[in-house]
Amino acid sequence: MLMRDQDNSTPAVPLHHRLQFRVLLLVLAMVVLTVGTSNWMLKVLIEKQLDAALERETVRLGEYLAEEFRQALMMRNSAAIEVHIEAAASEPGLAFLEVENRLGAVVARRINNAELHRHFEAVFSDEAKQSALARSRPVPLGWKRTPEARILRMPILSPSRGIAGPDLLGHVLFVHVDPVHRATVEKMRALAFGVVLVACLISVPLTTVLMRRLMRPLRRILRAVTLLASGSELPHLPVKRVDELGLLARSVAETASSLAHARADLMRANATLERDVEARTAELHAANRRLEQEIETKNEFLRTVSHDLNAPLRNIAGMTTMLQRRFGEALPDEVRHRLDRIAANVRLESSMLDDLLELSRIRTRPGEREKVDLGELVRGVVGALEHELAERSIVCDIAAALPVIDVERNLARQVFLNLIDNAAKYMGNRPVRRITVSHVVEGQWLKVSVADTGPGIAESDRRRVFQVFRRGSEAGSSGVPGRGIGLASVKAVVEHWGGEITLESVVGEGSTFTVSIPVGRIVSADLGPASSRTAA
Amino acid sequence: MIAKKPESPRMEAVIVLVDDDPDYRMLVRDAIESLNLPVKVYECVDGCDGIRFLKQAGAVGGAPRLSLVLLDLEMPGADGLEVLANVRADDRLRDLPVVVMTGVDDDEVQRRALETGASSYTCKVKDTEDMLRRIEAAALYWTTVHRQLSTRSSAA
């Protein structure tokens, strides 16, 4: 009966939850209930009418029978009674008949229906006869197979004679059955059942058809809504309907079209964005390439210059040495002294060129990256500088848990050697002579600091110290040997690592150089933030 | 002591100096001459000159008998490695000791030079005394080795 869902695209709903099934059940229940109830009420009414008619007829029959037997009982003529009984027995619907005399004894009996009589004998005792049947009204015999059977015990009275009232002559007791009554009731019952059945048979297909007419567009709308999300082609929607379904369909169609517009807009925007990103990326790549080329060219230039500048210097030095070797003793002191000065100047120039070469190498050939235990490295550097540090009575505090980082070992060594060496060199004659190496992780940066208690660096010098061959104005006159390459190379290395070096300083209190490296460089660390500084 | 021994011209060692820097050539010549070895120094002014001279000397065979090449790397035209490759490709020059002397202190360059067939790699270091000593040592070592080898081969 129930129409199965033809299209599989709508999500399956369990049978007992389907709208169509539920409505069908509801309609069936309603039909059965209303038709059944009305039929039952009709039946009750008609049965009541039939019962009343039967009872009336029974009473009439009783009165007729009493009339029949009165004369015979008055005469006490048993032969007449027999004759009357014979006549009465032919009365239709009479199951059995008893005639009692004044004392209640049966004087005549006629049985048409033995079954009913046996039932009567079993159910009605003499007392019952007296009490239940005493009121001369028809009583149901109470046998299921003949519910319409009525029993009546009618007194037979003599004609009235004066004030004393009529004399009781006896009773006529009979059971009256109306076969038409029973047939009518049964017919009605069948009719009622038939009507219910027909109502059901009509309502089921009717409901199904009606529901299908409602459900089909609803399903289509449902499928359309399901498809909305995927953005695929929508099925035809019943937008022309004037009912609520039409309204729903129209609003779904509108939503779909505005969604499609939005999607198209989004895709266009996306495409534009992608093109833009591609263009920008290409530009960036080009710029990057240019920059890399420039850096490479610059480094190449630096390398070549350093090398080519070295060759004549080497020759000058060689010639000078050769002159001194060959003619040393023969030369006047003045000439020898000048030759020494030439050699010294050449050495200075040459070492400056070496530094330039070194600086250019940081970028062009940095070496292999490996896991470098910073603590170990710094302790190694301090060990190498032990003599100088001891000579100047400088105390070194190195944090216990410096991390392990992924860098080029030679460059890392260069950084910390320069920083610590610088701090030691410029310490001067300070009352407290201490160098502290510690680290801290701040956001994206691992910050390793080398702090000293030296004289500090004047504000105006703070940027100069990182430039090649520039030293702080104090440094030049303080008699500290140095060429001013150290911090420049430290800066180059740290920038090569993708970090930066910063300087904080208070004149008269000390300076702190902080190397910031991206945290991604940390390989492992016992990073107890609180324990990162052991030196107070 | 070897130097003091009277030598026949045939036994005189020949050192070929290939370098485009005339001043440096002068220095090397001075350094070698200061050793008082029985050697003759030939100078080639660049790589092409070096290749030409070495091929010619190799073809002549006997005299002048080559015992050592001091080779600069960075030269215009044919560079040191090219000269070296030519020497090693020539049957008559294959066993000739070639000492590369260069201002380039670079592991990569050194590796390539040794791969191409350099007998040793010497840097033109800053310290001139040191540099001169290195030149002298190289000259002394290789000429001695060469002389002993050739003595042995001529005896056999």
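On chain A's side, A:Arg314, A:Asn315 and A:Arg325 supply 35% of what that chain buries against chain B, more than any other three residues.

Quick housekeeping. This is a predicted model, where local features need pLDDT of at least 70 and side-chain atom pairs count only at pLDDT 80 or more, while totals for chains, interfaces and linings use all residues. Residues are numbered from 1 along each chain as its sequence is written, chains are lettered from A in the order in which they are written, and side-chain values use heavy atoms, with hydrogens and water left out.

Back to the interface. In contact terms (heavy atoms within 4.5 Å), 15 residues of chain A touch 23 of chain B. There are 2 salt bridges between the chains, meaning a side-chain nitrogen of Lys or Arg within 4 Å of a carboxyl oxygen of Asp or Glu. One of them joins A:Arg326 to B:Asp30, at 3.1 Å, N to O.

Which helices of chain A each supply at least two residues to the side that touches chain B? Those are H6 (244–327) and H7 (333–364), helices being DSSP runs of H or I, at least four residues, numbered from the N terminus. The largest share, 11 residues, comes from H6(A). By class, that side of chain A has 3 nonpolar, 6 polar and 6 charged residues, with Asp, Glu, Lys and Arg as charged, Ala, Val, Leu, Ile, Met, Phe, Trp, Tyr, Cys and Pro as nonpolar, and the others, Gly among them, as polar.

Definitions and conventions: Buried area is the accessible area (1.4 Å probe) that two parts lose on being put together, summed over both.
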